[in-house]
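Visitor: I'd like to go through this one with you, starting with the ligand site and then moving on to the rest. Could you put it up?

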Amino acid sequence: MCMLSTKATCNSHGQDSSYFLGWQEYEKNPFHEVNNTNGIIQMGLAENQLCFDILKSWLAKNPDAAGFKRNGESIFGELALFQDYHGIPEFKKALAEFMSEIRGNKVSFDPNHLVLAAGATSANETLMFCLAEPGEAFLLPTPYYPGFDRDLKWRTGVEIVPIQCTSSNGFQITETALQEAYQEAQKRNLRVKGVLVTNPSNPLGTTMTRNELNMLVSFVEDKGIHLVSDEIYSGTAFSTPSFVSVMEILKERECDENGSDVWNRVHVVYSLSKDLGLPGFRVGAIYSNDDRVVSAATKMSSFGLVSSQTQYLLAAMLSDKKLTKNYISENHKRLRQRQKKLVSGLQKAGISCLKGNAGLFCWVDMRHLLRSNTFEAEMELWKKIVYEVRLNISPGSSCHCTEPGWFRVCFANMSEDTLDLALQRLKAFVTEYYNIPEVNGHHQTIHLNHSRRRSLTKWVFRLSFDDRSPIPGR
Ligand SMILES: Cc1ncc(COP(=O)(O)O)c(C=O)c1O
């Protein structure tokens with residue numbers, strides 16, 4: 001007799017996706033700049049470590065915030081005992097203002113409509129519980145964040161139906177793709193309760209256009225369903241076109257509590273894991289205009305509250321307007337520089353990316369390096385990159401991309417030197433195994449011909465039986 005529940009043992013968690021398997025491989029042999037220079041470089045983790053110096057220097061100047069003190073006096077007891085699931089009012093106010101500031105103060109957020117959660121993971125799951133019954137569906141544009149299979153489906157029993165987006169228009173959502181996904185859900189007898197988008201997108205590293213957002217709002221208006229906008233990367237939009245929140249679109253369309261009922265069906269998810277680079281602090285939020293959603297989500301937030309000392313510290317940090325202003329602009333600047341470095345390094349290896357303007361990663365096109373236009377070939381290439389080049393990147397298939405050969409490559413969770421080494425390894429790999437000619441120091445993006453495919457097959461064979469390679473840092 002199995003002693004575990006079916007929920008605990010079913011596969012919807014997605015732990016065996018290559019996205020998570022890559023992390024496991026990294027854990028077995030993690031790169032270290034001094035102690036393990038031959039190890040696997042982690043490029044599959046969307047962490048933002050570029051502005052820690054700013055936060056650390058603020059902490060050094062404001063010791064009360066992390067020392068559980070107010071005006072030098074200990075408030076240990078107050079924080080230790082605080083347990084109101086509505087959250088600390090000062091923190092919610094500061095978070096709501098920070099969310100507005102990131103959006104150029106074009107929209108404001110009412111702290112009374114904000115529900116705190118232990119990260120966007122918890123916020124997304126809570127919203128699913130509030131908005132859908134088990135067996136009902138949400139439509140999600142592909143490619144999407146691999147964690148959604150766990151966060152949206154696993155415990156709630158909600159189904160995901162993909163909105164198929166392709167490289168033909170830079171993976172933008174089209175009206176046709178939306179309608180087709182809706183019909184696909186109906187064919188599968190699934191009642192559609194909403195659409196969930198990530199803006200800026202993980203894994204694309206792009207912001208949604210006004211057109212796309214307007215089309216989505218019209219679609220959910222027409223169908224009478226919800227729209228969830230996961231805006232966890234809103235503060236990472238480092239380049240033009242600038243980020244537009246779905247809340248700004250509602251304002252432009254003059255949807256408000258007195259107007260159309262779509263106002264109550266649009267919900268935003270946010271977190272400090274990416275913009276401030278604090279995934280360890282577990283701070284997320286749901287913003288909804290619907291009081292009933294706010295009330296239900298607040299009750300459910302008991303399962304994933306944000307600790308009071310974290311709220312206290314961040315209330316002080318985010319209330320410091322000088323800090324937030326400087327942080328937001330410096331974060332943009334550093335992310336822009338990093339992304340540029342990755343894009344130009346890849347270019348030198350003959351690899352191009354989707355043109356990005358946000359996020360902590362690039363959506364990288366390696367279709368020309370595949371042995372065939374299949375997901376088997378994508379996995380083959382991914383394994384070579386993980387085991388031989390020793391870079392953990394995420395295959396597009398783990399993000400439900402419908403075209404083989406795309407990979408998500410992160411750039412903000414390592415030092416510049418480590419990124420240089422990663423790019424050096426990749427360039428050496430491409431040169432060695434694909435014999436791609438260099439012109440003016442840059443590899444040309446060319447498609448594999450038969451003889452190259454043959455030499456690749458030979459190399460795959462060699463990989464299994466003779467694990468040697470000329471990759472730098474080894
Ligand atoms: C789109 C998206 N939503 C949610 C999450 C989960 O974030 P958190 O650490 O706040 O739970 C992530 C993390 O990578 C993400 O990329």
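Visitor: How many nonpolar, polar and charged residues are in the shell around the ligand?

Guide: By class, the shell has 5 nonpolar, 6 polar and 3 charged residues, where Ala, Val, Leu, Ile, Met, Phe, Trp, Tyr, Cys and Pro count as nonpolar, Asp, Glu, Lys and Arg as charged, and the others, Gly among them, as polar. Please keep in mind that this is a predicted model, in which local features need pLDDT of at least 70 and side-chain atom pairs count only at pLDDT 80 or more, while totals for chains, interfaces and linings use all residues. Residues are numbered from 1 along each chain as its sequence is written, and side-chain values use heavy atoms, with hydrogens and water left out.

Visitor: Which residues come nearest to the ligand?

Guide: Of the 14 residues around the ligand, Ala120, Thr121, Asn202, Asp230 and Ser271 come nearest, a residue being counted as near if one of its heavy atoms lies within 4 Å. Helix α7 (residues 119-131) gives the largest share of the shell, 3 residues; helices here are DSSP runs (H or I, at least four residues) and strands are too (E, at least two), numbered from the N terminus.

Visitor: And which polar side-chain atoms lie 2.8 Å from a ligand oxygen?

Guide: A polar side-chain atom of Tyr233 lies 2.8 Å from an oxygen atom of the ligand, an N or O atom in the side chain of Ser273 is 2.8 Å from a ligand oxygen, and a polar side-chain atom of Arg282 likewise lies 2.8 Å from an oxygen atom of the ligand. Taken alone, the ligand exposes 400 Å², of which the protein buries 95%, with areas from the Shrake-Rupley method and a 1.4 Å probe.

Visitor: Switching topic, how is the chain divided?

Guide: The chain is divided into domain 1 (9-53 + 325-468) and domain 2 (60-323), with bounds that come from an automatic or database domain assignment, and their C-alpha centres lie 28 Å apart. Across the boundary, 38 residues of domain 1 are in contact (heavy atoms within 4.5 Å) with 41 residues of domain 2.

Visitor: What about cis peptide bonds, where are they?

Guide: The bond from Thr142 to Pro143 is cis, with omega near -5°, and Pro143 lies in the loop between β5 (137-141) and α8 (148-154). The bond from Thr240 to Pro241 is also cis, with omega near -5°.

Note on methods. A polar contact is a pair of N or O atoms within 3.5 Å; within protein, one must be able to donate a hydrogen and the other to accept it, and residues adjacent in sequence count only if both atoms are side-chain atoms.
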